[in-house]
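Subject: Structure handover

Hello,

Here is the structure for you to open. Please keep it on screen while you read the notes below.

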There are 2 protein chains.
Amino acid sequence: MKTTKLLLVGVMLISAAFARAGAATWIWYPGDFEIRLSNNMQNRRTERGAFYPPFWRMDSHYVLVEFFKTVDLEAPEEVEIYAEGEYNVKLDGRLQFGKLDRLHIPAGRHRLNIRVYNQLVTPAIFVRGKTVASDTSWLVTFKDTEFVNAGSWNFNDAQATPSQFSLPTTPKAAAATERGEASVLVDFGQETFGFLKLHGLKGKGNLSVYYGESREEALDTAGCETLDRLYVDRSQPEDFVTSASRAFRYANIAGGGTLLFDSVSMLYEYMPEVYRGAFRCSDEELNRIWDISAYTLQLSTREFFIDGIKRDRWIWSGDAYQSFLMSYYLFFDAPSVTRTLYALRGKDPVASHINTIMDYTFYWFMGVYDYYLFTGDERFVRQMYPRMESLMAYALGRRNANGMLEGLSGDWVFVDWAEFAMSKKGELSFEQLLFCRSLEVMATCAEIAGNGERAATYAALSQELKQKLFDGFWSNEKNAFVHNREGGRQSSQVTPYANIFAVLLGYLNAAQTQAVKQSVLLNPDALKITTPYMRFYELEALCALGEQEHVLKEMKSYWGGMLKLGATSFWEKYDPRESGAQHLAMYGRPYGRSLCHAWGASPLYLLGKYYMGVQPLKPGYGEFCIKPNLGGLQWIEGKVPTAGGDIAVYADAKTIRVTADAGQGFLYFCSAKKPKANMGAVEKVGDNEYRLLISEHKKQYVVTYRNAQ
Amino acid sequence: MKTTKLLLVGVMLISAAFARAGAATWIWYPGDFEIRLSNNMQNRRTERGAFYPPFWRMDSHYVLVEFFKTVDLEAPEEVEIYAEGEYNVKLDGRLQFGKLDRLHIPAGRHRLNIRVYNQLVTPAIFVRGKTVASDTSWLVTFKDTEFVNAGSWNFNDAQATPSQFSLPTTPKAAAATERGEASVLVDFGQETFGFLKLHGLKGKGNLSVYYGESREEALDTAGCETLDRLYVDRSQPEDFVTSASRAFRYANIAGGGTLLFDSVSMLYEYMPEVYRGAFRCSDEELNRIWDISAYTLQLSTREFFIDGIKRDRWIWSGDAYQSFLMSYYLFFDAPSVTRTLYALRGKDPVASHINTIMDYTFYWFMGVYDYYLFTGDERFVRQMYPRMESLMAYALGRRNANGMLEGLSGDWVFVDWAEFAMSKKGELSFEQLLFCRSLEVMATCAEIAGNGERAATYAALSQELKQKLFDGFWSNEKNAFVHNREGGRQSSQVTPYANIFAVLLGYLNAAQTQAVKQSVLLNPDALKITTPYMRFYELEALCALGEQEHVLKEMKSYWGGMLKLGATSFWEKYDPRESGAQHLAMYGRPYGRSLCHAWGASPLYLLGKYYMGVQPLKPGYGEFCIKPNLGGLQWIEGKVPTAGGDIAVYADAKTIRVTADAGQGFLYFCSAKKPKANMGAVEKVGDNEYRLLISEHKKQYVVTYRNAQ
């Protein structure tokens, strides 16, 4: 059988982008660097030294890919070729022999193919000439047809290959050290992450390190969640750094034999992120809540958005969805979002829900939509669209005879960690609601991907499901959605979940909204949420209904409550009714609770979106709105990062100041007197309600008014 | 988000096999060792030093898998655990800490889970205790549900891990050496494969090796297909072995600078196979044809059944399909077949036809059926069934409005390398015929997999397509199937392909069969086949119609023709009308033709199945038939390997001797007189036609008769 089938059909069908003079960057099959990197990261989890990888399918990069570019050169050009993997080069379809790290390309129009194999790490290339430069205009395929645009990140140095990527570290001193008889307890003063450094370590013996997010955990050598154990034999004193990064505030170091060391410090390992967002207000406790939220999100933003730094260190879709939203108000780091979305989605065929969790599949779709809304990145949506299609096909394929989803074998119906009894059986209103929203997202994205027919199909499916949601779960008696239906019978339990999301997604009419607000959101007898995870949505729904004053009190009580207990980062769970060591326990383990959990950082999002009041109305903040809300504070001031720059907001009871770097939109406010503005024309839009068009960039609009919220 | 979801549902649903005392073997996810190994092998192709990997999607093993076994121990047991990869161990669902290479299991019933991660090579384990032993009764999954039986081969030594696998080598001397001015030409006397060894190499300079299957190729340093180039610098003489295995008979070694060496030999690299089949007859040329066929198949049976040893070294489904059939009459090495079927099929989702070729998808299905027929291995069929389903779904999804397949974008419609013009457009009768047969195979395999409903669906689909085949392509005028239909119009061209397969598959009635025999098979004006690939089926069809005498002459003329030209292995293509160096050229390259190509070895199959006349009637040779046919020879003698042992056959005009080690079946023969047998009762079944039941194992049946074929 022969071999050289010259299959250029696929290539020819794509309108070839021509090379422009530009900076070269490492490129790969889109998503493949991300998926491979996530394997490294997620496999770093340990439990008391034991390897603890995820339980869902772990995917890999395509091991053999082909890059393609049509170049049109005014003059002949010598290009340098770097590759991660074994590779070959074809010029105009002809295989090149000899040394391949330099290629002479004659003037004129030429086709360049580079085929790379790498089993261990993602195949990638870096090509650089006078005008030729590898970038995302290059095409790539994992077979010999169906080329797509290559993926890249920020690897712009030929020598710094993608597979070498690791997070940077910086030294950090201990805050306090207590020497015990055969051990030393080191306190770094706050939750942190990285490698422990023992200065001047010498002698011979077993070295054990017991890590603790709390002092109790570090001292409980039999119960702490993470530890390191190794044998040391050094005749000369030398600095020693642990080999695996851990989350801790305290480290309890026990040296056996003749081991001695001078002192202990650490190397803080972090994802370089810029705090583009900022927030200050007249309430110092709230400022502290914002700061600790930002630090919590910074710590749990690593190669990807992870759940918590001590324990799972995995990418969970429901957790990441919240990190995305928070990060739009702090870092606005788009590649961290797309990396995480690629890693979560993995490869086809779909073998389970994302993380095996039904709700987490839907959060993934919603995360794609939000990414599009905040960044306006249509190219990403088009690139991801086929994987959205196949994931949605999986979900649609699991519908029951009523066209709804219920947990099948292998499905985890999660919802939330709740203290009260909650059925996961039958059809949950919450799951159908997220499913319905995901179908709406599919309709939008199909449109972006240029597939109007699919868009119409998804729109029809979502309409149909929305009707079933109301027919099946809305109770006029309860004034709310009931929790679920088993065997066709509506349960009588009302849980907050579907009701919260129905408010957030605008699925309710005015009467229903008020009904839910009273029967669920503001009802002191409603079932209590005890995770910051669901408090995120609960408080957001209240903000969306204008209850900023109420939410502010809740934030101060709930997040302030953690601060009063000495939190230096926010927790996986906080129940004010608990006390002492109860706050450390979870999952039946004394230190099972994560004390630095991304979903604990939601005040970042609430304060940015509902107090500074900044949000995108059109993709990429092309249009925005700004609705400052003091929520009872004397003043607030801050910045919200956007795709094109920042939006700065200051508000007190008499003055509002706004500056936008890009886009345009209205500033909305309520004033008890006729307001004035230094620029633009204030419009009256209702009783005491006004708006001002913000369209001049980088100029400060100042409104004088009398707050009437 | 938490982590330890105890998902034992999937496990519990499977009736757990209990550990028996037995030999431990390395186990893995079924197909994953095979897929990974095929990547290594297929990427070894080079063209004049350039890396030349396949152009279709290359798959990988699952990087993270979990093995599971329920053990029931009479006494406590200490088991050793070996793993390729990072791993953890759970006993009764509890993660184990500390050293994991030994595990203490208490008496009683226990659940053992071992989760292994390996990005580079296939995750695998080897577990051994007094009674506990890893084997294919262990279950394995790539997620946390849907466990299947583990795969294994013959890695029964804890230290010899699967990833270390490589083919053995053995030294072989040169047959002749010619020293030139600055080069040495070494002739190994026959086609061979392996590493070149230069004895006592010393000095400094560039070393070039030009390989040739022919003397011409080795001497043509600018045109030979494979070569090695390297720089050597050695002050002391030392033996040197080339790093990559090559196919050659001749090696032309050119040393520059001060390079010197004493002599040249080689290390022959081979797959250890036993020639269980044997054949001898009264015609020495035919014996030589059988021998060279066996050697050709041996050479091209490597880690997998490959096409040819010089050039592609890839696994091509159409080529492998023939190797399977030949190998049943020579090695009967079942794992070589299943390895190849796994490697060809790869992973889901199906991204193209197998090797991108439409016909090759169908040969794969037919190969699974033949494997089942020859070996009776139902377990393999059940294991492979989901991958059969998804591949067939791919094919069914590409049908046109007429329910037929035509080449779509990315499809290669191959059929054969032909000298005459042949359209690949529209609906080819040949492709529909193979498609129809594949649907029949699906019906059989669905039944074996316990899915009667799917079986019925496939049976109906194949019936429907068969009807369309006759309606669409049978021409009463041509007395044959026409080649194709474009835009609904039957072409007037008759090619051999569909007609040959229609005979072989028994799709024709008696009149149609005779029509095809005359209009195509025995028609001297019919279009000529010039590859041994299609001659395989052409000659088989003639044998199936009783034309053994005719076929014998064809074999002597065609394969004997290659021998007369000095062939030491059989070729990719042979056209008696060519001469000299024309025999070396192909694909527009002077040495493009492969001179050792598996599909050249078909006499092995024809002689075993249609002269010795042995074939299985029921799966695994549970029932067989033996129809010796002298085809004009004075005597034939040989052995055909089967699943349960061998079947030995001797026949001349007066005597037939048969011995079977297992199974039962009839010996069929024609006699001009009333025959006699030493055992059993001869039955008359027609005019001069008799049969004798062979049911006693390992006893020689002797029939005295007068041949009346």
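Start with helix H7 (residues 358-375) and helix H8 (residues 378-396) of chain B in this predicted model. Their axes come within 11 Å and cross at roughly 160°. Angles over 145° count as roughly antiparallel, so H7(B) is roughly antiparallel to H8(B). The crossing of H7(B) past H8(B) is left-handed.

Which residues meet there? From H7(B) come Thr361(B), Phe365(B), Val368(B), Tyr371(B) and Tyr372(B). On the H8(B) side they meet Phe380(B), Val381(B), Met384(B), Met388(B), Leu391(B) and Ala395(B). By class, this contact of H7(B) with H8(B) has 10 nonpolar residues, one polar and no charged.

Next, the two chains.

Chain A can be laid on chain B by a turn of 180° and a shift of 0.0 Å along the axis.

How many residues does each chain put into the contact? Chain A gives 53 residues, and chain B gives 53 residues. On the side of chain A that touches chain B, the elements giving two or more residues are these:

- helix H1 (9-13) of chain A
- strand E2 (50-51) of chain A
- strand E5 (86-91) of chain A
- strand E8 (108-117) of chain A
- helix H5 (317-328) of chain A

Of these, E5(A) gives the most, with three residues. The side of chain A that touches chain B has 24 nonpolar, 15 polar and 14 charged residues.

Where does Ala24(B) lie? Find it in the loop between helix H1 (9-13) and strand E1 (27-28) of chain B. Is Ala24(B) buried or exposed? Ala24(B) has 22 C-beta neighbours inside 10 Å. The cut-off for buried is 20 or more, so Ala24(B) counts as buried.

Leaving out residues up to four places away in sequence, Ala24(B) touches two runs of chain B. Phe126(B), Val127(B) and Arg128(B) are among its contacts. Ala133(B), Ser134(B) and Asp135(B) are contacts of Ala24(B) as well. Arg399(B) is 375 residues from Ala24(B) along the chain. The C-alpha atoms of Ala24(B) and Arg399(B) are separated by 47 Å.

Best wishes

Conventions
Residues are numbered from 1 along each chain as its sequence is written. Chains are lettered from A and ligands numbered from 1 in the order in which they are written. This is a predicted model: local features need pLDDT of at least 70, side-chain atom pairs count only at pLDDT 80 or more; totals for chains, interfaces and linings use all residues. Axes are lines fitted to C-alpha atoms, for helices over the stretch in contact, and angles run from 0 to 180 degrees between N-to-C directions. Helices (H or I, at least four residues) and strands (E, at least two) are DSSP runs, numbered from the N terminus. Angles under 35 degrees count as roughly parallel, over 145 as roughly antiparallel, 65 to 115 as roughly perpendicular and the rest as oblique. A crossing is left-handed if the near helix is turned anticlockwise from the far one by less than a right angle, and right-handed if clockwise. Two residues are in contact if their C-beta atoms, placed from the backbone, lie within 7 Å. Ala, Val, Leu, Ile, Met, Phe, Trp, Tyr, Cys and Pro count as nonpolar, Asp, Glu, Lys and Arg as charged, and the others, Gly among them, as polar. A residue is buried if 20 or more other C-beta atoms lie within 10 Å of its own, exposed if 12 or fewer, and partly exposed in between; C-beta atoms are placed from the backbone. Copies are superposed by least squares on the C-alpha atoms of residues with pLDDT of at least 70 in both.
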